[in-house]
Amino acid sequence: MKKESLAVRFLYQTALGRAALKLLARPFLSKAAGAVLNSRLSRFWVPLFIKKHGIDMEGCGKKYRSFNDFFTRKRCMEEIDITPGHFISPCDGYLTAYPVSEGQTYKIKHIEYRLETLLRSRKLAKQFAGGICLVFRLTPQDYHRYCYVSDGVVKRNRAIPGRLHCVRPIACGTLPVFAENSREYTEFCTPKFGRVIQMEIGAMLVGKIHNYPREGKVFQGEEKGYFEFGGSTVLLLVGKGRLKVQGRILENSRQGLETKVRLGELVGSCLGKG
């Protein structure tokens, strides 16, 4: 895991920085930044960004109207596991798995998250007691399109407004970021994993979460949407006794380490029912 930048440490570990956060985490600032990054002038930042982060552009286009046009680019080829009973990564990023207690809570460092607060639904939260929460953290250099993790039928889509904190580990261990940030989630029923929640969480300088309107049946590996510029997060909830997460991911998570994963990669399999 990379060391936190001086700027991020200032914002989340000093009194002056936390005061500045009250302004920086407001959605209007991210929307303003988004307007700049959608302008034609922003396209001149693209080659600098590619070089700085060593981004592999094979299979992608070469010309972009703006920085966000580049940032939300599509890759021409994806290797996506569509094996029945396999649970795949919805995105590129860094994965950590957290057990959900019977009391419908999970902990990131010393911050306890209640599913009822996260989902804004007590009834829905009860269905994931004793299950597992998978958190996929996307960095600015990651591919920012994401897919459905399993075949299923959409039951509900919900958008929850909020602030836009940074989603770096230092922030998640300081504030209840995921319960405060703007987020959207889809509740869908799957034949192998039961009811699943797939949630997208915005972050500082991410003005928009773009989810394609969908009802009815969806398919494993089908594109669900994309984020505009910035770090961001995809969170998945699966009920008790449904999912066996790969051992390397669980072991890394127990040690407080993230596991690098790629969109469409196998991260777990059906357990018990289904």
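Q: Which residue is the bridge partner of Val154 in β11?
A: This is a predicted model, where local features need pLDDT of at least 70, side-chain atom pairs count only at pLDDT 80 or more, and totals for chains, interfaces and linings use all residues. Residues are numbered from 1 along each chain as its sequence is written, and side-chain values use heavy atoms, with hydrogens and water left out. β7 (residues 152-160) and β11 (residues 216-218) pair in the antiparallel sense over three bridges; strands are DSSP runs of E, at least two residues, numbered from the N terminus, and pairing takes at least two DSSP bridges. Val154 sits across from Gly216.

Q: Which residue in β13 stands opposite Arg137?
A: β5 (residues 132-138) has seven of its seven residues buried, meaning under 20% relative accessible area with a 1.4 Å probe, protein chains only. β2 (residues 93-99) is joined to β5 by six bridges, running antiparallel, and Tyr98 partners Cys133 there. β5 also pairs with β13 (residues 232-238), antiparallel over seven bridges. In this pairing, Arg137 faces Thr233.

Q: Which residues of β5 are buried on the side with Cys133?
A: In a regular strand the side chains alternate between the two faces of the sheet. On one side of β5, Ile132, Leu134, Phe136 and Leu138 are buried.

Q: Which element gives the most to the largest nonpolar core?
A: This core has 30 residues, and Phe87, Leu134, Phe136 and Leu243 touch the most other members; such a core is a set of buried Ala, Val, Leu, Ile, Met, Phe, Trp, Tyr and Cys residues joined through side-chain atoms within 4.5 Å. Elements giving two or more residues include β1 (86-88), β2 and β14 (243-245). With four residues, the top contributor is β5.

Q: Which side chain does the side chain of His144 make a polar contact with?
A: His144 lies in the loop between β5 and β6 (145-147). His144 is buried, at a relative accessible area of 1%. Its side chain has a polar contact (N or O atoms within 3.5 Å, one able to donate a hydrogen and the other to accept it, with sequence neighbours counted only if both atoms are side-chain atoms). At 3.3 Å, the partner is the side chain of Ser232.

Conventions:
Buried < 20%, exposed > 50% of the residue type's maximum accessible area, 1.4 Å probe, protein only.
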